[in-house]
Amino acid sequence: MSLFFGEQMAKDTEVGTEYAPKDYQDPPPAPLIDPEELGKWSFYRAIIAEFIATLLFLYITVLTVIGYKSQIDPDHNGEQCGGVGILGIAWAFGGMIFVLVYCTAGISGGHINPAVTFGLFLARKVSLVRAIMYMLAQCLGAICGCGLVKAFQKAYYVKYGGGANTLNDGYNTGTGLGAEIIGTFVLVYTVFAATDPKRNARDSHVPVLAPLPIGFAVFMVHLATIPVTGTGINPARSFGAAVIYGKEKAWDDQVSKYFSFLFKTTWIYFALYVFLPPPPPPKKLQ
């Protein structure tokens, strides 16, 4: 099983003890640095999976954004109500996350997002080396995905903004930062909830369905924040588009996004592991 979903633990049916045993077992925390994984092919296969998944994610989603903008362009006889609209763009992002998490969960854990990887690192679900390599692979995959879009849609790419995230008119940096913090919290909180070992142990269908709520979380957050920032809850998506697009406006708006990335993942960690109350003690057997 993957690091992302964890191993599903069999229910403990031991009887005769003073307390009822837990029907699940939390996986042990990942070591900070694990030299042994550097010698395993599964480690490098997982990195390749993250690279390919992020490449495909950016290729499909950025093409959708550019296609939508070309469909509503008055120069091409487009209409403001034409094209897929914000709803279609949100479906493209959420649907691709659902598909790619489902495909890569058993290989790399299906992170496809540096914010998710960093949050899981803070929760001791992945080692430092794996987290760094995943984030590098995700950023490189995003750059290559946007590069493919530019190669195939060279006439439209620069004209329609290259799919880069920018702060829209009428919103200040603080508003954009707040929208990004809340949006990424929704995503990473959903990831932790969907992969909770307690739920995996008690409901055998949960590991299979986990990509679905994660994809829906991405979909809902995009619906809410596309009008504000274009939605940068995936730092690799914002970074890759800004690198290939290469315009000053896109880069300026990344400052708040990456400050938001560090702040919001740290907030998620404290919300999950510090402020939440500890679990209740096990009940005595009758």
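1. Let's start with Tyr171, which counts as partly exposed because its relative accessibility is 36%. The cut-offs here are under 20% relative accessible area for buried, over 50% for exposed, and partly exposed in between, with a 1.4 Å probe and protein chains only. Tyr171 sits in the loop between helix H5 (154-157) and H6. Leaving out residues up to four places away in sequence, Tyr171 touches Pro227 and Val228; contact means heavy atoms within 4.5 Å. Between Tyr171 and Pro227, 56 residues apart along the chain, the C-alpha separation is 9.5 Å.

2. A word on the model before going further. It is a predicted one, so local features need pLDDT of at least 70 and side-chain atom pairs count only at pLDDT 80 or more, while totals for chains, interfaces and linings use all residues. Residues are numbered from 1 along each chain as its sequence is written, and side-chain values use heavy atoms, with hydrogens and water left out.

3. Now the overall make-up. The protein has twelve helices and zero strands, where helices (H or I, at least four residues) and strands (E, at least two) are DSSP runs numbered from the N terminus. Of its 286 residues, 47% count as buried. Among contacts with a separation of 6 or more, 80% come from residues 24 or more positions apart.

4. Which residues touch the most other members of the largest nonpolar core? They are Phe57, Cys146, Tyr157 and Leu187, out of 44 residues in that core. Helices giving two or more residues to this core include H1 (41-71), H2 (85-104), H4 (128-152) and H6 (173-194), and H1 gives the most, with seven residues. A nonpolar core is a set of buried Ala, Val, Leu, Ile, Met, Phe, Trp, Tyr and Cys residues joined through side-chain atoms within 4.5 Å.

5. Setting aside neighbours within four places in sequence, Leu187 is in contact with Asn113, Val116, Ile214, Ala217, Val218 and Ile233.

6. Next, the pairing of H3 and H4. These helices pack at an angle of about 175 degrees, and their axes are 9 Å apart. H3 is therefore roughly antiparallel to H4. For the angle classes, under 35 degrees counts as roughly parallel, over 145 as roughly antiparallel, 65 to 115 as roughly perpendicular and the rest as oblique. Axes are lines fitted to C-alpha atoms, for helices over the stretch in contact, and angles run from 0 to 180 degrees between N-to-C directions.

7. Who meets whom at this pairing? From H3 come Pro114, Thr117, Phe118 and Phe121, which meet Leu128, Ala131, Tyr134, Met135 and Gln138 in H4. By class, the contact has seven nonpolar, two polar and no charged residues. In this scheme Ala, Val, Leu, Ile, Met, Phe, Trp, Tyr, Cys and Pro are nonpolar, Asp, Glu, Lys and Arg are charged, and the others, Gly among them, are polar.

8. The loop between H2 and H3 is worth a visit, starting with His111. His111 counts as buried because its relative accessibility is 4%. The side chains of His111 and Thr117 are joined by a polar contact of 2.9 Å. A polar contact is a pair of N or O atoms within 3.5 Å; within protein, one must be able to donate a hydrogen and the other to accept it, and residues adjacent in sequence count only if both atoms are side-chain atoms.

9. Asn113 is found in the loop between H2 and H3, and Asn113 is buried, with a relative accessible area of 4%. A polar atom of the Asn113 side chain lies 3.2 Å from the backbone oxygen of Ile233. Not counting residues up to four places away in sequence, Asn113 touches Gln138, Leu187, Ile233, Asn234 and Pro235.

10. Please check two backbone angles. Ile112, in the loop between H2 and H3, has a positive phi of about 55 degrees although it is not a glycine. Is Ile112 buried or exposed? Ile112 is buried, with a relative accessible area of 0%. Thr231, in the loop between H9 and H10, has a positive phi near 75 degrees and is likewise a residue other than glycine. Thr231 counts as buried at 1% relative accessibility.

11. Finally, Ile52 in helix H1 counts as partly exposed, at 44% relative accessibility. Ile52 and Gln138 are 86 residues apart along the chain, and their C-alpha atoms are separated by 8.4 Å.
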